[in-house]
Amino acid sequence: MTGTVIRGIMIPFLGTSLGAAMVFFMKRALHEMVHRALTGFAAGVMVAASIWSLLIPAMDQAADMGSWAFVPAAAGFWIGILFLLLLDHVIPHLHMNSSECEGPRCHLQRTTMLVLAVTLHNLPEGMAVGVVYAGMAEGNAYITAAGALALSLGIAIQNFPEGAIISMPLRSEGVGKTRAFLYGVLSGIVEPIGALATILAASVVLPALPYLLSFAAGAMMYVVVEELIPEMSSGKHSNIGTVFFALGFTLMMTLDVALG
């Protein structure tokens, strides 16, 4: 595995860690409006990444199927949706604005379930970065080094506020700063692990690359629709989340087109 690939899959984790470190510099919990804006921004980045970095390349690689080129993208997309739906049912977790545990009944601490929710959220992002770098490493004509870097940077940019979104609420619930930071970092460690696992899988079944690309897109879209959009739209002034969704979408689209 080249240094370029290793750096690429670590960039998003760095974004999460830097965001989690904000707990050392901010004295108060995130304002509800700020939380909503950051959540909308993250959702916008993920939707744009799903389209430009994953689904479109998946269909481009299946171009020799003619009018059936959508099949790998559609099939992989649905497998990704169903995979995240399965994880949602088997992993106990707690969403930020909820008081009820989702998944199997459990007696875990609230902070642990919050971290599990963010970890579940971060897994498809790591898989997305991994499958793109796998394609680049194998010399795929539709995935360039610049395009892979664009995805890593986009995910890292949206991971920065996500790191703060997990560490700051934990701090406001009485968790110490160092422990809240470590929880935020641990929630992001799944990204390089997921990326590495996806790279290894793609190297074994290279013809399945279009399916893996769209699989990651489906998994990310599940997170956006099931978790992020409800969070950014709840309560008054939901237009803040919408505006930042558009900002995140535009930024990721620009990065992918300009660098890819």
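This is a predicted model: local features need pLDDT of at least 70, side-chain atom pairs count only at pLDDT 80 or more; totals for chains, interfaces and linings use all residues.
Hi everyone, let me start with a pair of helices: the axes of α2 and helix α8, residues 209-233, come within 8 Å and cross at roughly 160°. An angle over 145 degrees counts as roughly antiparallel, so α2 and α8 are roughly antiparallel to each other. The handedness of this crossing is left-handed. And who sits in that contact? By class, the residues where α2 meets α8 are 20 nonpolar, seven polar and two charged.

Let me step back to the whole chain for a moment. There are nine helices and zero strands, and reading along the sequence gives α-α-α-α-α-α-α-α-α. The chain has 260 residues, and 51% of them count as buried. Now, looking at contacts in the chain with a separation of 6 or more, 80% are between residues 24 or more positions apart.

Helix α2 covers residues 32-61, and Leu 38 is found in it. How far apart are Leu 38 and Glu 162 in sequence and in space? They are separated by 124 residues in sequence, yet their C-alpha atoms are 7.4 Å apart.

Helix α1, residues 3-20, and helix α7, residues 190-204, have axes that come within 8 Å and cross at roughly 155°. With that angle, α1 and α7 are therefore roughly antiparallel as well. This crossing is right-handed, whereas the one between α2 and α8 is left-handed. If you have the structure open, you can find the contact yourself: on the α1 side there are Val 5, Ile 9, Met 10, Pro 12, Phe 13 and Thr 16, and on the α7 side Glu 191, Pro 192, Ala 195 and Ile 199. Sorted by class, that contact has eight nonpolar residues, one polar and one charged.

Last stop, a single residue I'd like you to look at. Asp 88 lies in helix α3, which covers residues 70-90. Its relative accessibility is 7%, and because buried means under 20%, Asp 88 counts as buried. What does the side chain of Asp 88 make a polar contact with? The partner is the side chain of Tyr 222, at 2.8 Å.

Key. Residues are numbered from 1 along each chain as its sequence is written. Side-chain values use heavy atoms; hydrogens and water are left out. Helices (H or I, at least four residues) and strands (E, at least two) are DSSP runs, numbered from the N terminus. Buried means under 20% relative accessible area, exposed over 50%, partly exposed in between (1.4 Å probe, protein chains only). A polar contact is a pair of N or O atoms within 3.5 Å; within protein, one must be able to donate a hydrogen and the other to accept it, and residues adjacent in sequence count only if both atoms are side-chain atoms. Axes are lines fitted to C-alpha atoms, for helices over the stretch in contact, and angles run from 0 to 180 degrees between N-to-C directions. Angles under 35 degrees count as roughly parallel, over 145 as roughly antiparallel, 65 to 115 as roughly perpendicular and the rest as oblique. A crossing is left-handed if the near helix is turned anticlockwise from the far one by less than a right angle, and right-handed if clockwise. Contact means heavy atoms within 4.5 Å. Ala, Val, Leu, Ile, Met, Phe, Trp, Tyr, Cys and Pro count as nonpolar, Asp, Glu, Lys and Arg as charged, and the others, Gly among them, as polar.
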